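Here are my notes on the model you sent over.

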Amino acid sequence: MEIDIFKEIIVPVVGGLGLFLLGLEFMANGIQALSVNKMRAFLARAAGTPIKGVMAGTIITGIIQSSTAMTVMTVGLVNAGVLTLRSAISVIMGANVGTTLGNGLIALPLGPLGLFFGGIFATIYCFAKSDKWRNVALACMGFALIFYGLNLMTGGLKPLRSMPEVMDLISHLDASSYTGVISCALIAALVTALIHSSSATIGIVMGLGSSGILDWQTAIAFAIGADLGTTITSWIASLNLSKNAKRTAYAHITFNFIGVLVVLALFYPAIQVLTWVMGFFGGDPGTPTMIDGKEVYPLVPVAIGLFSIFFNIFNVIILFPFVNTFERYLSRVGRTEDEDIEDYSVPRFLDKGALADFRRALPAVQQEQRRALAGAALFLDIARGRPGAPKAPAEHHEATDALSREIRAYSAQLFDDRLSRPQKDLVASTIEEVDFTAALSESLHQIARRVCREKFSTEGQSLLNAAMDRLDASLTPLVTGEHLAPRMPAGHSRQAEFEDIRWRIIDSGPIPASEKGALLALLGSMERAEVLIDRIADERQSVDRGLIHEATPARARDAGMGPAGLVPAE
C-alpha cells in the first residue's frame with residue numbers, strides 16, 4: 001500500500017512536534033507567571049548550602065518543568081551576586097533531577113485524552129476573568145497539549161516502518177556497540193541544542209521508540225544525549241554576563257558532560273538493570289502490542305522516563321561530593337588580577353542569625369554601610385585610572401547597587417514594636433543613611449562613567465584630579481568611621497574649594513572651550529555628591545548611636561524583656 005508521505009507522516013509529525021513544543025511553552029509560562037518571583041526568592045533564600053541547593057533546584061524545576069529556565073534563572077542570580085558559584089553548582093545538579101519528573105509524566109499513556117482536556121482548559125482560559133485562573137488554565141492546557149502532540153508524532157512516525165529507505169538509514173543507528181551508542185547520544189545532543197529543549201528531544205525519541213522506528217535500547221541511547229545538548233542554552237545566556245555567571249554555565253556543561261561519560265561507560269550494565277526494573281512496570285519494552293492492527297511499543301516511553309530519572313539521580317549521587325572541587329577549578333577559569341578586587345555585591349557582615357539581637361545586628365549594619373561607602377569611593381579610583389581599581393564602572397555599579405539593596409532590606413528588619421522610641425529613631429536614621437549612600441554611589445558612578453568616556457587636556461585633567469581629590473578627602477572619614485565634628489555651615493570650606501576650581505576652569509587659557517563645558521558639568525556633579533556626603537555625615541550626627549547601642553541589653557533575660565533583647569517601648 002502506497003503511503004501519502006505528506007498527509008500521513010509530515011503533517012502529523014510536524015503538527016505534533018509543534019503542539020508538543022507549544023504545550024511545553026504554555027505550561028512553563030503559566031506556572032512561571034503564577035510563581036516565578038516566589039521561586040526566585042525561595043531559591044535565593046534556600047540555596048545556602050550544597051544539599052539545600054540540590055533540594056531547591058529539584059523542587060523548583062519539578063514545579064516549573066523547565067531545567068532550561070531554571071538554569072538561566074540560576075545564571076542570572078549568580079550574575080546579580082545573589083547566589084555564589086558554589087550554591088549555583090548544587091542548584092544545577094538539582095535542576096537535572098527536577099526535569100526528569102516531567103520526562104516521567106510524558107511517559108504516561110494519556111495521549112488520546114490530551115486534545116479533550118486541552119479543549120476544556122482552552123475554554124477556561126478564554127473565559128476566565130482573573131489572571132490567576134488564566135495562568136492555571138494555561139499551564140493545564142499546555143500539559144494536555146504535550147500528550148496530544150506526542151500522540152500525533154507517534155501516529156505520524158508509524159508509517160516510516162513501511163519505508164525500506166528509512167529503515168535502512170535507521171538501522172545504522174543502533175546501540176549494539178559503544179560506537180553506535182555514542183553516535184546516537186551525539187545526534188540527540190545536536191537536536192537538543194538546536195531546539196533548546198531536552199524534554200522535546202525526549203518526546204521525539206519516545207515517539208520513535210513507541211512506533212517501533214527505534215528499538216528501545218537505541219531510544220535510550222538517544223535520551224542520554226538530550227542532557228548534553230541542553231547545556232547550550234545556559235552557555236548562550238551567560239555570554240554577556242559576569243565571569244561567575246559564565247562559570248555557572250560551565251558548571252552545567254561540566255556536570256552533564258561527566259555524567260554522560262559515566263553513563264555511556266556503564267550503558268550495558270544499566271540496560272540490564274533497567275530490564276529487571278521494567279519487570280515491575282509491565283515487562284519487556286521490546287514486546288509489541290497490537291492496536292488497530294498495528295504493532296506499537298507502549299512500554300518504551302516508560303523505560304525512557306525511568307532511565308532518565310535514575311540517570312540524573314545517579315549523576316547527582318556520584319558528583320555531589322565534588323561540589324567544592326568543581327568550585328575550586330571553575331573559579332580559576334578566566335581568572336585575572338581584576339578578580340582579586342573585593343566583590344562588593346555580596347554582604348560580608350550581615351548575619352541573619354543576629355537579627356534577633358539588636359546589639360549584634362546594629363554594628364553589622366554600620367560595618368556593612370562603611371563597606372558600601374568604600375565601594376562607592378572606588379568610582380573615584382576608576383575615574384583616576386588608579387592601579388587595582390575595577391575596570392568597568394557599570395559592573396562595579398551593579399555590585400554596589402546589589403549591596404545597598406541587601407543593607408536596606410536587612411536594616412528594615414530591625415524595626416520592632418518593642419523597640420524604644422530612640423532605638424526606632426536610630427534604625428530610621430540608619431536606613432536613611434543607606435539610602436543617601438546608594439544615591440552617592442549612583443552619582444559617583446555617573447562621574448566615573450563620564451570621565452572614562454571623555455578625553456581631557458593636561459590642564460583640564462589636572463583640575464579634574466584636584467576636584468576628585470577633594471571629594472575623596474571628604475568621603476574618607478565616612479569610610480574609616482572617624483569621629484565627625486559639627487560643621488557650621490555644612491561643607492562650607494569644601495564649597496569654597498570647588499568654587500576656586502570652577503573659576504580656574506573658566507579662566508584657563510589652555511583648556512579648549514568645548515572641554516570647559518564637560519569639566520564644569522562634572523564639577524557640578526561632584527558638588528551634588530558633596531551634598532550627599534554632608535547629608536550622610538549629618539545623619540550620623542543626628543543620633544547618638546554609641547550611647548543608644550550601649551544602653552541596649554545584650555540579652556532579653558538581662559532585664560526580663562522580650563526575646564530580641566529589646567528595650568520596651570516608652
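This is a predicted model: local features need pLDDT of at least 70, side-chain atom pairs count only at pLDDT 80 or more; totals for chains, interfaces and linings use all residues.

1. The protein chain has 22 helices and two strands. Of its 570 residues, 48% count as buried. Take the contacts in the chain with a separation of 6 or more: residues 24 or more positions apart account for 79% of them.

2. Now the largest nonpolar core, which has 37 residues. Which of them touch the most other members? They are Trp216, Ile220, Ile224, Phe267, Leu274, Ile304 and Phe307. The elements that put two or more residues into this core are H8 (178–195), H9 (198–210), H10 (216–229), H12 (243–265), H13 (267–278) and H14 (299–319), each of them a helix. H10 gives the most, with nine residues.

3. Setting aside neighbours within four places in sequence, Ile224 is in contact with Val260, Val263, Leu264, Phe267, Phe307 and Phe311. There is also a second, separate core, with 35 residues. Its members include Leu380, Ala448, Leu463 and Phe498.

4. Stay with H10 and look at how it meets H13. The two axes come within 12 Å and cross at roughly 120°. The crossing of H10 past H13 is right-handed.

5. As for the residues at that contact, H10 brings Trp216, Gln217, Ile220, Ala221 and Ile224. H13 answers with Phe267, Ile271, Leu274 and Thr275. By class, the contact of H10 with H13 has seven nonpolar, two polar and no charged residues. Trp216, Ile220, Ile224, Phe267 and Leu274 came up in point 2 too, among the core residues that touch the most other members.

6. Ala223 also sits in helix H10. Is it buried or exposed? Its relative accessible area is 6%, and the cut-off for buried is under 20%, so Ala223 is buried. Not counting residues up to four places away in sequence, Ala223 touches Ile202 and Ile304.

7. For another helix pair, go to H16 (residues 358–384) and H18 (residues 421–453). They pack at an angle of about 15°, with their axes 8 Å apart. Angles under 35 degrees count as roughly parallel, and H16 and H18 are therefore roughly parallel to each other. Their crossing is left-handed. By class, the contact of H16 with H18 has 19 nonpolar, six polar and one charged residues.

8. Thr287 lies in the loop between H13 and strand E1 (289–291). Its relative accessible area is 43%; since exposed would need over 50% and buried under 20%, Thr287 is partly exposed. Leaving out residues up to four places away in sequence, Thr287 touches Val296 and Tyr297. The C-alpha atoms of Thr287 and Pro298 are separated by 8.9 Å, with the two residues 11 residues apart along the chain.

Technical notes
Residues are numbered from 1 along each chain as its sequence is written. Side-chain values use heavy atoms; hydrogens and water are left out. A nonpolar core is a set of buried Ala, Val, Leu, Ile, Met, Phe, Trp, Tyr and Cys residues joined through side-chain atoms within 4.5 Å. Buried means under 20% relative accessible area, exposed over 50%, partly exposed in between (1.4 Å probe, protein chains only). Helices (H or I, at least four residues) and strands (E, at least two) are DSSP runs, numbered from the N terminus. Contact means heavy atoms within 4.5 Å. Axes are lines fitted to C-alpha atoms, for helices over the stretch in contact, and angles run from 0 to 180 degrees between N-to-C directions. Angles under 35 degrees count as roughly parallel, over 145 as roughly antiparallel, 65 to 115 as roughly perpendicular and the rest as oblique. A crossing is left-handed if the near helix is turned anticlockwise from the far one by less than a right angle, and right-handed if clockwise. Ala, Val, Leu, Ile, Met, Phe, Trp, Tyr, Cys and Pro count as nonpolar, Asp, Glu, Lys and Arg as charged, and the others, Gly among them, as polar.
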